[in-house]
Structures are given as structure tokens and as C-alpha cells.
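Student: I would like to learn how to read helix packing and chain contacts in a model. Could you take me through an example, one feature at a time?

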Amino acid sequence: MAAHNNTPSPAQMAILQRIQSDRIFMNNPVMLQGLGLAPIVVADTSCKNAVMLIAALALLLVPTRVLTVAVLTITGNRGHYVLYPFMAALIYVPAYLLLLEIFGTDLLLLGLYLPILVVDPLIISRNERTKLESATMALKQGLSTLMGASVVILLMGALREFLATGCLFEHQLYFGATNLLPLANQPSGGFILLGLICALWRYAAGVKKLHLTQEAVWK
Amino acid sequence: MIRDLSVFLVYAVLAVFAENAVFTRGLGVSRLIRLVNDDAIGTIQFWVLLALVELLTAPMGFFVLDRVVPGLPAELRLPLRPLLYLGCALVAYLMVLAVLCVLPFKHKLRLLRTLPLASFNTNVLGTLIICSTQGYNLVEHLGFGVGTSLGYLMAVLLVDEAERRLDNSSVPAIFRGMPITLVYIGILALAIYGFTGHTITL
């Protein structure tokens with residue numbers, strides 16, 4: 001009797017790789033991996049805040065990953081735990097000045113959630129891995145993580161602004177006597193809303209993964 | 001002395017309950033969710049290291065802006081804050097690392113692996129920034145730092161217990177895991193919001 005073979009076929013391997021690399025939907029860094037929850041739950045209460053958070057992430061995430069990989073290549077991957085947050089903090093200095101130039105004092109709306117981005121798992125979670133990635137991979141993964149996180153940040157910001165104030169980008173859309181859910185711009189509302197969206201997101205991602213896996217079995 | 005002690009206690013209690021880092025500000029919540037699901041990292045071990053780092057960084061964080069770099073131009077104070085506070089966390093990390101290396105500890109390797117996670121996270125940096133923004137003095141800094149780590153332990157234990165109880169068939173499958181944990185933390189956050197009755201300063 002032939003032994004049962006658990007090795008995935010090339011088609012299944014390709015599907016697994018596709019699922020892993022899809023950081024926007026099937027392997028979203030926020031919804032599936034739970035990264036970057038603090039700024040989303042507390043500071044991401046409006047579209048304006050969402051845009052500022054995305055801009056800050058864009059300035060910090062990819063440069064931190066690529067430059068840290070460059071330094072780690074020189075050090076032989078020594079000090080990876082410490083280098084990621086320090087590189088992010090160094091990049092934060094010009095990034096903050098640029099953000100201040102663009103958004104002005106509105107940047108203060110993000111409070112402590114702007115500086116703590118330098119130690120947010122979205123940016124530095126790679127420091128827990130012992131294997132050094134290549135600079136190209138750091139760039140690709142940094143960009144896909146940024147896109148995945150940006151989708152969630154914008155979705156949550158828009159939803160919370162609409163539910164709490166009836167506005168989107170400060171334009172009144174809902175004219176009811178009372179706001180739909182004033183709690184939405186509180187941290188507790190942020191946790192609950194994110195939990196609900198996370199459940200729906202994971203369900204949809206699970207259905208898509210199942211569909212792709214079944215497709216691979218048939219091939 | 002007694003006055004300082006009472007201030008220390010008041011700020012520690014404030015940080016444990018009314019200004020709990022996890023339930024009111026979401027600080028360290030990504031780490032918390034991974035911590036309760038990760039058997040490789042012991043909750044108590046992580047907390048002990050976090051508490052040590054918080055305790056050591058509190059006085060350093062208090063002195064670094066005003067005493068170590070007093071001549072810093074005002075426009076550079078805000079952008080340089082994370083770097084300076086990370087420097088404090090690094091010093092605390094090295095101090096704890098030295099103690100771990102010298103003294104004979106049980107589970108030494110595990111502690112050494114956990115130490116960087118406890119030293120460089122949103123909880124440590126967030127606490128220093130809150131204390132600086134609120135203009136706390138040294139005793140308040142220390143009390144808030146110790147209280148924050150105790151509050152984090154309380155949050156981890158509450159979420160850990162909830163995960164155990166919520167992992168059953170009465171919870172819809174799509175909610176199991178992170179979604180129901182987030183809803184649960186949200187309900188606890190709502191209870192604390194009802195207790196304090198005001199929004200915290202970001």
C-alpha cells in the first residue's frame with residue numbers, strides 16, 4: 001500500500017504563496033495578524049486622522065524596513081531586535097517635520113499615537129525574525145503591508161466618523177436628529193467595531209482561501 | 001516622605017484602573033493578543049521584565065529631556081522624543097540583560113528571548129510620552145510606570161481567562177479568536193469609561 005503523501009502539489013504551493021503574499025485581503029496585517037491595533041482603535045476616529053496615519057506609516061514603514069536590512073547586512077544580522085525601533089525613531093525625525101509641514105497643527109490630533117508608531121508591530125514586527133530578508137523583499141513586503149494596513153485604517157476612520165458624527169471627510173451626510181453611534185469615536189467603540197469588522201473580514205478571507213484551495217485540488 | 005508615598009500610590013492606582021494602558025489607550029494591545037496565544041512566552045515572565053523596564057525607564061525618561069539635553073531647540077523636542085525615550089529603554093534593556101546574564105535564573109534562555117519584546121513596545125514608549133505630556137514629576141513618573149505595568153498584567157490575565165471561556169461552541173465560529181477578544185476588550189473599556197466618566201487625553 002502506498003504511503004499517504006502530505007507534500008503539497010506545485011499548484012497548492014502556488015496557492016499558499018498567493019495567500020501569504022496577499023497582504024491586502026487574505027493575509028491582512030491588521031485583520032489577520034493583529035498588528036497596529038493601538039492607533040487604529042484609539043486615534044483612527046475620522047477620515048482626516050486616517051489620512052494622517054497612512055501618511056505617517058508610508059514615511060516610516062518602507063524606509064525603516066529597507067534601511068534596517070541594509071545595516072543588518074553589514075552587521076551580519078546582529079542587533080536586529082534593537083535596530084528596527086532605532087531606525088524607525090531616526091527616520092521619524094524628518095518624517096515628523098515633513099508631516100507637520102503638510103498637515104500643520106492637525107497632526108496633534110493623533111496625540112501619542114504618532115510617536116509610538118516607531119515601536120508599533122506594524123513597523124518593527126520583523127525584528128522578532130532571526131532570518132534576514134533581502135532588501136528587495138523588504139521593499140515588496142513593506143509596500144504590501146502598507147497597502148493592507150492603509151485599507152483598514154481608511155475603512156475604520158470613515159466608518160467611525162460616519163457613525164459618530166454623520167460626516168465623511170467633514171461633509172455632513174446624515175441629517176438625523178441624533179448621531180447613529182456616538183460611542184464609535186471612543187476607544188471602547190473602536191475595539192467593538194474593529195472586532196465586528198474583523199469577524200466579517202476573516203469570514204470573507206476564509207471563504208476566498210477555501211475557494212482557492214479547492215481550485216488547486218482540482219488542478 | 002509620606003506625601004511622596006501617597007502620590008506614588010495614587011498614580012499607580014490611576015494607571016492600573018482609570019487610565020489602564022490597554023483598556024483606555026489600547027497601548028500594547030497587539031502584543032497582548034499575541035501574548036495570550038503564544039505558549040513560548042510566559043505571561044508572568046513577560047510582565048516581570050516589562051515592570052523592570054518600566055521602573056528603570058521612568059526616572060531616565062523624567063531626566064532625559066530637561067537635564068540630559070536641556071538646550072534642545074523647541075522645534076526638535078517633539079520629533080526627537082521617541083529616539084531619546086528609546087535610548088532610555090535601551091539602557092534599561094542592557095541593565096536587565098546584565099542582571100540576567102550574571103545571576104543564575106531558572107528559564108534564563110526564555111527570559112533572554114522575551115526581554116527585547118518587553119523593552120521595545122508601545123507600552124513602555126507610550127507611558128514615557130504620557131508622563132512627559134502631562135508634566136508629571138519624578139514620583140508621579142515612577143508611580144505611573146509601576147501602575148502601568150501592573151495594569152498591563154491585569155489586562156493580560158483578564159483577556160487570558162476570557163479567551164479560555166470564550167473558546168467554545170456557543171460563540172459563532174467567525175467570532176472565535178481575535179474578533180471576540182477585541183469585542184470583549186471593548187466592553188471592558190466601556191466599563192472603565194463609564195467608571196471614569198471622561199475621555200482620556202491622547
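Predicted model: local features only at pLDDT ≥ 70, side-chain atom pairs only at ≥ 80, totals over all residues.

Student: Which helices and strands does chain A have, and in what pattern along the sequence?

Tutor: Start with the count and then read the order. Chain A has 7 helices and 2 strands, and along the sequence these follow the pattern α-α-α-α-α-α-β-β-α. Its C-alpha trace spans about 75 × 45 × 25 Å along the principal axes. Of the contacts in chain A with a separation of 6 or more, 76% join residues 24 or more positions apart.

Student: How do I read the packing of two helices, for instance α1(A) and α7(A)?

Tutor: Look at the distance and the angle between the axes, then the handedness, then the residues that meet. The axes of α1(A), residues 10-21, and α7(A) come within 8 Å and cross at roughly 160°. An angle over 145 degrees counts as roughly antiparallel, and that is why α1(A) is described as roughly antiparallel to α7(A). The crossing of α1(A) with α7(A) is right-handed. From α1(A), the residues A11(A), Q12(A), I15(A), R18(A) and I19(A) meet K209(A), L212(A), T213(A) and A216(A) of α7(A). By class, this contact has 5 nonpolar, 2 polar and 2 charged residues.

Student: How many residues of each chain are in contact, and which element of chain B gives the most?

Tutor: For a contact between chains, count the residues on each side and then ask which elements supply them. Here 40 residues of chain B are in contact with 38 residues of chain A. On the side of chain B that touches chain A, α2, α3, α5, α7 and α9 of chain B each supply at least two residues, and α9(B) gives the most, with 10 residues. That side of chain B divides into 27 nonpolar, 9 polar and 4 charged residues.

Student: Is S188(A) buried or exposed?

Tutor: Burial is read by counting neighbouring C-beta atoms, with 20 or more within 10 Å as the cut-off for buried. S188(A) has 22 other C-beta atoms within 10 Å and is therefore buried. Leaving aside neighbours within four places in sequence, S188(A) is in contact with L183(A) and, across in chain B, with G186(B), A189(B), L190(B) and Y193(B).

Student: Which residues have the most contacts inside the largest nonpolar core?

Tutor: They are L60(A), A88(A) and V53(B), in a core of 111 residues. Not counting residues up to four places away in sequence, A88(A) touches L60(A), T64(A), V118(A), I123(A) and I124(A). In chain A, 43% of the 219 residues count as buried.

Methods
Residues numbered from 1 in each chain as written. Chains lettered and ligands numbered in written order. Contact = placed C-beta atoms within 7 Å. Helix = DSSP H or I, 4+ residues; strand = E, 2+ residues; numbered from the N terminus. Nonpolar A, V, L, I, M, F, W, Y, C, P; charged D, E, K, R; others polar. Axes fitted to C-alpha atoms, helices over the stretch in contact; angles between N-to-C directions. Parallel < 35°, antiparallel > 145°, perpendicular 65-115°, else oblique. Left-handed = near helix turned anticlockwise from the far one by under 90°. Core = buried A, V, L, I, M, F, W, Y, C linked by C-beta atoms within 7 Å. Buried ≥ 20, exposed ≤ 12 C-beta atoms within 10 Å, placed from the backbone.
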